[in-house]
Each structure stands twice: as structure tokens, then as C-alpha cells.
Amino acid sequence: MEKVVHFPKLPIEFLMQPSSNNSRDVLIKTIPSASKPEIKRVLESVYGCEVEKVRTLNMRGKKKMRGGRLIARPDYKKAYVTLKNPSPFSPNMNPIHLVQEEKNK
């Protein structure tokens with residue numbers, strides 16, 4: 001029996017707080033067009049964690065002058081996610097690793 005996993009086109013990067021090992025609050029960096037329901041749906045379906053609430057913040061990319069040229073990093077969205085149950089997240093948490101581990105079993 002094959003298990004089909006749908007990977008959405010919503011890039012998510014986990015930003016870890018240094019002192020949080022088993023916390024309910026998670027900080028996520030994603031694209032500016034991501035909405036709160038989308039972020040919640042991806043976390044619940046792909047990562048399997050129950051989300052209580054999502055708070056978002058639009059961030060502008062840093063702009064610098066280098067050699068007379070303006071260089072800008074892309075804009076992004078920060079999402080502060082509160083989970084219903086505390087769960088440990090590691091910085092290298094990626095759904096591809098989860099599928100490969102399941103395949104090896």
C-alpha cells in the first residue's frame with residue numbers, strides 16, 4: 001500500500017528560538033502571499049501538529065548600497081504559531097525526511 005503525500009507550493013522555514021526545546025510557540029518564515037489558513041493547513045497536514053492560532057507579520061527585505069547599486073533581499077512573512085500541544089521541532093525538520101524514514105521501515 002502506497003502513501004501519497006502532497007507537498008504544497010508554500011515554502012516554510014522554521015526559525016528556532018535558542019532556549020525553546022519543547023515549546024508551544026513556533027516562529028516560521030514564509031512567502032508574503034501566504035495566508036493564516038494556508039499556514040495552519042500546511043502545518044496540520046504535512047507536519048502533523050495541531051495549531052491553536054497563527055499570528056502573521058509582513059517584513060520588508062533588507063536594502064543595502066554596494067558599489068553604487070541598491071541590493072535588496074526579498075520580502076517575507078513571519079508567522080508566530082501557537083500549538084495546542086507542545087512538540088519538539090528540530091531545525092532540519094523537513095517532510096522529505098519523514099517520507100524517507102517511513103519508506104525505510
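Colleague: Where does Val 81 lie?

Modeller: In this predicted model, Val 81 lies in strand β6.

Colleague: Is Val 81 buried or exposed?

Modeller: Val 81 is buried, because its relative accessible area is 1%, and buried means under 20%.

Colleague: What does Val 81 touch, leaving out residues up to four places away in sequence?

Modeller: Val 81 touches Arg 24, Asp 25, Val 26 and Ile 28, then Ile 39 and Leu 43, and also Val 51, Lys 53 and Val 54. As for spacing, Val 81 and Glu 52 are 29 residues apart in sequence, with 7.6 Å between their C-alpha atoms.

Colleague: Stepping back, how many helices and strands are there in the chain?

Modeller: The chain has two helices and six strands. Along the sequence they run β-β-α-β-β-β-β-α.

Colleague: And what share of the residues counts as buried?

Modeller: Of the 105 residues, 26% are buried. The accessible surface is about 8,100 Å², and carbon and sulfur atoms account for 51% of that.

Colleague: Among contacts between residues at least 6 apart in sequence, what percentage joins residues at least 24 apart?

Modeller: That comes to 60%.

Colleague: On to the largest nonpolar core. Which of its residues touch the most other members?

Modeller: The core has 17 residues, and those that touch the most other members are Phe 14, Ile 28, Ile 39, Leu 43 and Val 81.

Colleague: Which residues of α1 are buried?

Modeller: Ile 39, Val 42 and Leu 43 are buried in α1. They sit on the same side of the helix, because the arc they cover around the axis is only 95°.

Colleague: Why would residues three or four places apart point the same way in an α-helix?

Modeller: An α-helix has 3.6 residues a turn, so residues at that spacing point the same way.

Colleague: What covers the buried residues of α1?

Modeller: The cover includes β1, β2, β3 and β6. On the face turned away from the buried side, α1 carries the exposed residues Pro 37 and Ser 45.

Colleague: What is Lys 62 in contact with, leaving aside neighbours within four places?

Modeller: Its contacts are Ile 71, Ala 72 and Arg 73. Pro 74 is twelve residues from Lys 62 in sequence, and the two C-alpha atoms are 7.7 Å apart.

Colleague: Where does Lys 84 lie?

Modeller: Lys 84 lies in the loop between β6 and α2 (95-104), and at 46% relative accessibility it is partly exposed. Lys 84 is in contact with Arg 24, Glu 50, Val 51 and Glu 52, neighbours within four places aside. The C-alpha atoms of Lys 84 and Glu 50 are separated by 5.6 Å, although the residues are 34 apart along the chain.

Colleague: What about Glu 13, in which strand is it?

Modeller: Glu 13 is in strand β1. Glu 13 is partly exposed, with a relative accessible area of 41%, and touches Leu 27, Ile 28 and Lys 29, not counting residues up to four places away.

Colleague: Which ring does the charged end of Lys 29 sit over?

Modeller: The charged end of Lys 29 sits over the ring of Tyr 76, at 4.6 Å from the ring centre.

Conventions: Residues numbered from 1 in each chain as written. Predicted model: local features only at pLDDT ≥ 70, side-chain atom pairs only at ≥ 80, totals over all residues. Heavy atoms only, no water. Core = buried A, V, L, I, M, F, W, Y, C linked by side-chain atoms within 4.5 Å. Buried < 20%, exposed > 50% of the residue type's maximum accessible area, 1.4 Å probe, protein only. Lys NZ or Arg CZ within 6 Å of the ring centre and 35° of its normal. Helix = DSSP H or I, 4+ residues; strand = E, 2+ residues; numbered from the N terminus. Contact = heavy atoms within 4.5 Å. Areas by Shrake-Rupley, 256 points an atom, 1.4 Å probe, with all protein chains shown as cover. Arc of directions from axis to C-beta.
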